[in-house]
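I opened this notebook to keep track of what I looked up, one entry at a time.

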Amino acid sequence: MLLAVGVGAGVAGLAGAINASYYQGVFPTSFGFPVLITVYAMVILGGAGSLTGVVTGAIVVNVMLEVLRTP
């Protein structure tokens with residue numbers, strides 16, 4: 001259990017560092033309510049119990065967002 005928390009924190013830190021370097025800064029306005037809802041949908045759809053489920057949920061939600069986007 002502790003290993004999962006540590007690995008998750010490490011991956012989140014790495015993703016945050018890449019995001020901050022890409023945007024040259026981190027600002028609270030960059031993470032609004034729609035981003036929060038999208039992340040929750042990914043976790044709920046895939047299930048919070050397994051990493052494969054969350055990854056699958058993230059892929060499905062991102063693909064559906066692109067498919068349903070108006071051209």
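I took helices (H or I, at least four residues) and strands (E, at least two) as DSSP runs, numbered from the N terminus. I worked on a predicted model, in which local features need pLDDT of at least 70 and side-chain atom pairs count only at pLDDT 80 or more, while totals for chains, interfaces and linings use all residues. Residues are numbered from 1 along each chain as its sequence is written, and side-chain values use heavy atoms, with hydrogens and water left out.

I looked up helix α1 and found that its 22 residues, 2-23, reach 31 Å from the first C-alpha to the last, close to the 32 Å expected at 1.5 Å a residue, where the expected span is 1.5 Å times one less than the number of residues. After α1 comes Q24, which has a positive phi near 55 degrees.

I then searched for aromatic pairs (rings of Phe, Tyr and Trp, the last by its six-membered ring, with centres within 6.5 Å; planes under 30 degrees apart are stacked, over 60 edge-to-face, the rest tilted), and the count was one. The rings of Y22 and Y23 have centres 4.9 Å apart and planes at 80 degrees, so I noted the pair as edge-to-face.

For accessibility I used relative accessible area (buried under 20%, exposed over 50%, partly exposed in between, with a 1.4 Å probe and protein chains only).

My last search was for salt bridges (a side-chain nitrogen of Lys or Arg within 4 Å of a carboxyl oxygen of Asp or Glu), and it gave one. E66 and R69 form it, at 3.2 Å from N to O, and R69 is exposed at 52%.
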